[in-house]
Amino acid sequence: MERIPVFILVILYFISIEIACNGHTHINNNVQSEQKALIDIKSGLTDPNNRLSSWEGSNYCYWQWIGCENGTGFVVSIDLRNPYPYSLENYLKYLDLSFNSFKAIPISQFFGSMKNLIYLNLSNCGFIGAIPSNLGNLSNLQYLDFSSDYTYYNKFEHSNDLFIENIEWMTSLVSLKHLGANYVNLSMVGSQWVEVLNKLPILTELHLDHCSLFGSIPSPSSVKLTSLVCSILSFIGNFCNLKYLDLSYNRLSGTLTEQQFWKLSNLEYLYIDSNSFRLDVSSNWTPPFQLKYLSMGSCHIGLAFPAWLPSQKYLIYLDLSNASISNSIPNWFWNISFNLEYVILSHNQLQGHLPNLNIGEFPPNLHFLSLSRNLITGTIPNSIGRLSSLEVIDFSSNNLIGSIPSTINNCSHLMVLDLGNNSLSGRIPKSLGQLQLLKSLHLNRNKLSGEIPSSLQNLTSLDVLDLSYNNLSGHIPAWIGTTFASLVILNLRSNMFFGRLLPSLLSNLSSVHVLDLAQNNMMGEIPVTLVELKAMTQERDMGIYSLYENGSSYKYEERLIVITKGLILEYTRALSLVVSIDLFDNNLSGEFPKGMTKLFGLVFLNLSMNHITGQIPESISKLHQLSSLDLSSNNLFGSIPPSMSSLLFLGYLNLSNNNFSGKIPFIRHMSTFTDSAFTRNPNLCGAPLVIKCQNEDLDKRLLLRTKSMVAMLINGFI
């Protein structure tokens, strides 16, 4: 509400005098005159905030802001003092609305009127649309953040839905020190962002992660440089105050030389990963900065480890993944920084053995160590147990041999252990059962033998257990079903397990999304307790989630090989889309389990190459999300339910090599499948098979005759 002018206050004064001097008037007259006076006051005021909305009706003593004398109804007070005498936009300096949910609304133009703002944080608020250009009015602004973070929003809600059409307004933000724009779409500004940001002289933090930036930083040896190319060339090296630079996950390319870095003496955080940069510096180069975080994944570093790395004494985080490095890890590497906590060297061609380190020769606070997808040979040294702070060990997809060292149990903080896809042999060490914080255990695709040690039942926090493609034997322990209440993925595929599939194994796995027991020697009926797989009974909304959100393990990307639709597929970030049961190639018998049709979230189902009998129930049509169904090579019989034609997501179907009979319901979605889905069923007929049903020609003749008679009736011949 606007401030009340002086002449209005004078009117109110005389009204109160008049009320006081006419106490002899009748009450009814007072009521009428009091009410009329208040209505006159209301009509004479401008009320943009609708504070006088209660001033309606005859009972004015109950109106807001009005005070009456008891019994007489006289107005004795009118309190219209402005509760906000000073406007927000003129005085507010600090505004933080981060991590609220504004549910897909645009950022208001109102923010651009708060000209005294020094700090404005609108990050992770769910805003969408264009960022208003009138934010350029905030010339005092030192901190501006409208980033989105996909790890905060499940299903990537509203992520990357903010965009900037013209970035020129940022040139007015001459006081800006911190700019956060992660996941803001900057593709429409072209190369203009370079010129604009070059005009922000005191910028110390720049966050442009996942911004759809594109373009090339040319080599300084280019013969002819336009003014635009020159500005791009000098961009990185133009911020002498810069402490934090994040250009990761864009489409930038070009060669980075010493020239781009020589002014950046204050730089502590450098993220340029997931672009196509090439680093070209001399072997004796000493950087002017001391980095704490360095992420150069997917940049071309060269064949050898950077010779300048030992100069970075304060490194905490180092990511040189997919950097084209192809030699062995130098001995000095483990001693470059006493503070090192994260080391990611995956997806290179690293060679040689893992070092057998002594105390004092490795960083004591190392939490994350990933050497996956390299060419490392030899054994895992016993000294791995000395890295007691490790939370993630990922040595997968190398050429490691020998046994798993029992000393690994000393890594008591371990949450992820991935030794998959090597040539490790021997038994699973009992000592792994001491890793009580373990959430993910991958020992798949090795040469491990023996039984699953009972000590693993101590791993009650386990989310993922992948022991597939080994030589493990014995019974599948019943305690798996009673111990692992939070288990999401159970993969025991392609081993030598035998015995019955115990009901207790399935009765408590209420969180399991993936159950893969294929290619073993399991026998007996499929237990009716299958319906207790409650995580599979919910139709999923196809959202994408991370198994790990806390600690170092969230940086580890879960992956799973799924064999479906006749293909071998690797799922990583889309792993939550996989809801699967695979019992392929066992010795299971009994009737098709009708309870399976209550697992409404199933996406992949493979029961092929068993001895299952009975009929496919009509209720299979309730599996609306089913994408792949393989029931081939069993003893199933009866007709194929016509209700299957309603499975609109079904992309792969194999019912071959059974005893189905009758006509194929080749209608609606079922008509999309070829004859290979139905072959080797001797009593099955009709399209798409070449075998015609016995009455098919008769039915066609009857249909034609009926149509002919109807036509004659219509034309009046009968």
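Predicted model: local features only at pLDDT ≥ 70, side-chain atom pairs only at ≥ 80, totals over all residues.
Two strands pair if DSSP finds at least two bridges between them.

**Entry 1**

I looked up strand 27, residues 471-475, and its pairing with strand 29, residues 496-500. The two run in the parallel sense and are joined over three bridges, so they meet the requirement of at least two. For a residue to look at, I took Ser473, which stands opposite Met496 in strand 29.

I then turned to strand 25, residues 447-450. Strand 25 pairs with strand 27, again in the parallel sense, over two bridges. Here I found Ser449 with Asn471 of strand 27 as its bridge partner.

I checked how strand 38 is held to strand 40, residues 659-663. The pairing is parallel and covers two bridges. Phe637 is opposite Asn659 of strand 40.

**Entry 1: cysteines**

I looked for disulfides next. A disulfide is a covalent bond between the sulfur atoms of two cysteines. How many disulfides does the count come to? I get two. With the bonded cysteines counted along the chain, the pattern is 1-2, 3-4.

One of the disulfides is formed by Cys61 and Cys68, whose sulfur atoms are 2.2 Å apart. That is inside the cut-off, which is within 2.5 Å. The torsion about the S-S bond of Cys61 and Cys68 is about -95 degrees, so I wrote this disulfide down as left-handed. Cys61 has 29% relative accessibility and counts as partly exposed.

Another joins Cys685 to Cys693, at 2.0 Å from S to S. The link of Cys685 and Cys693 has 95 degrees about the S-S bond and is right-handed. Are Cys685 and Cys693 buried or exposed? Cys685 is at 11% relative accessibility and counts as buried. Cys693, at 14%, counts as buried too. Buried means under 20% relative accessible area.

I also noted the accessibility of two further cysteines. Cys125 counts as buried, at 2% relative accessibility. Cys240 is partly exposed, with a relative accessible area of 40%.

**Entry 2: Asn250**

Where is Asn250 found? Asn250 is in the loop between strand 11 (244-246) and strand 12 (251-256). Its relative accessibility is 8%, so Asn250 counts as buried.

I followed the side chain of Asn250 to two backbone atoms. The backbone nitrogen of Cys211 is reached at 3.0 Å. The backbone oxygen of Ser248 lies 3.1 Å from a polar atom of the Asn250 side chain.

Then I listed what else Asn250 is in contact with, leaving aside neighbours within four places in sequence. The list holds Leu208, His210, Cys211, Ser212 and Leu213, together with Ser274 and Asn275.

Definitions and conventions: Residues numbered from 1 in each chain as written. Heavy atoms only, no water. Helix = DSSP H or I, 4+ residues; strand = E, 2+ residues; numbered from the N terminus. Buried < 20%, exposed > 50% of the residue type's maximum accessible area, 1.4 Å probe, protein only. Polar contact = N/O pair within 3.5 Å; in protein donor to acceptor, adjacent residues only side chain to side chain. Contact = heavy atoms within 4.5 Å.
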